[in-house]
Amino acid sequence: MTDYYNTTIFHPAAIALLVILAIPILIASRSSAVICLIIGTASVSAAQRLVIAGLDFNFLRLLVVLLWARIAIRGEWAMPPLRALDWTIVAWILIGSALYAVQQQSMDAVVNGAGRTFDTLGLHFGIRAMVRDGRDMRRIALAIALLAVPLVVVFLIEQFTGRNFFSALGGVPQRTIVRDGRLRCQGPFPHAILAGMFWAALLPFVAVRLADRGYTRWVAALGMVCGTVIVMTTASSTPYVGLMCAFFAISLAWMRWSVRYFQIGSLVLMVVLQIAMQKPIWHLMGRLQIVSGSTGYHRYRLIDQAVRRFTEWAVIGSRSTAHWGYGLNDVTNQYVMEGLAGGVLRLGLFIAVLVLAFRAVGRTLKFAGKNQSAVLVAWAPGASLFVQAFCFISITYFGQIILVFYLPLAIAASFDATRAVVAQRADSPRRIGTQPAHA
């Protein structure tokens, strides 16, 4: 549903929540500001927005404005020096937006690029300034676990009644969409797949508290269960795959020595399959059907046509894929979308962002030592990014879900920068995430 764009829509409940969240964002702890971003994203439809002089400020953007108002008022500008990951994110969004504007040759494209730049830089550097150590991270993890408890109730109500509670705020249908006899619950998100991916990507953060002692460990376990149930209510293959990736990535935190073997094994397996199969390896997507009615074949055809038509979009992208084949105007692949929006350069920068983020997580892990709590703190951003990077082959992000992509990127960059600074101070014993388990 896109009929709410460029139109001011504010339900009294959304206004009340905005005011309530504004208070801790402006005056509470750093971690509380990020927690409020997550609460607002998980609870309010993308339709809630304020349009000023043609500029569209949805609910998440309004929260970002409040976040930066806090940074300005409280003078929290200081942060560890920028690293390669930060500069690559800046290059990706600025160059990508410029290429998209050149391709479209319209003022709408310029405005769209400006909005996307605001979202990216506002969220990345805002979160980077707020999450600086393991204590901030652990508080955020506990808050996510607690947030999953009331929201799973709302999703279960939608599952059993077929009515979406969040439809009162607009942007989502009142009646839940049914596919092959199964309700696809979506909550406040524009699509059930996005709702499921949001929670699948957050589960690695909840797992941070599983190494605790006492009640917080049980709260984390409850949050894991509730988040899993939310994903299951979406009845969508991509979130289900994301859920499996999340549990796999979390389990590897206790078997970190095997990651290198997993990477090598996966690469060898793909090469062998590519050689042995008559069709390209991405044809496997067409055969995969986790949920009845899945569109795996559509996703295979999209990738296949993108490869075959490489010269068509390689320079500055392509305005449309409708001529690629029936239904292929629906681009359900983030990598293909990046290429279409800005050619090989934009796609390359996007992949570089992911690579540098994983590298930053790896460096932080080495700095975390053998403390399991510290390891989980350092591991969570990488695990969340793994879930999303894998599932990007079958999903394109839009709406408020972008928060869960920039959240681990910003935390990975912040921890890596802090590690670099602390590593230069031989007299400092501090380690990322080594706060006591009861903090």
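**Cavities and their linings**

The largest share of the lining of the second largest cavity comes from helix H15 (residues 372–391), which gives 4 residues. Helices here are DSSP runs of H or I with at least four residues, numbered from the N terminus. A cavity is a set of points on a 1 Å grid over the protein atoms alone where a 1.4 Å probe fits but cannot get out, and its lining residues have an atom within 4 Å of a point.

This is a predicted model, in which local features need pLDDT of at least 70 and side-chain atom pairs count only at pLDDT 80 or more, while totals for chains, interfaces and linings use all residues. Residues are numbered from 1 along each chain as its sequence is written, and side-chain values use heavy atoms, with hydrogens and water left out.

The second largest cavity holds about 40 Å³ of space, a volume being the space filled by probe spheres set on grid points that are joined across faces, edges and corners. Its lining consists of Pro204, Ala207, Val208, Ile250, Leu376, Trp379, Ala380 and Ala383. These divide into 8 nonpolar, no polar and no charged residues. Ala, Val, Leu, Ile, Met, Phe, Trp, Tyr, Cys and Pro count as nonpolar, Asp, Glu, Lys and Arg as charged, and the others, Gly among them, as polar.

In total, the model has 2 cavities of 30 Å³ or more. The largest cavity contains about 70 Å³ of space. Helix H2 (30–43) and helix H3 (59–74) are the elements that give two or more residues to the lining of the largest cavity, and H3 has the largest share, 3 residues. Among the lining residues are Gly40, Thr41, Phe59, Leu60, Leu63, Gly399 and Gln400. The lining of the largest cavity divides into 5 nonpolar, 7 polar and no charged residues.

Notes. On a 1 Å grid over the protein atoms alone, a cavity is a set of points where a 1.4 Å probe fits but cannot get out, and a pocket is an open set with protein on both sides within 12 Å along at least five of seven lines; lining residues have an atom within 4 Å of a point.
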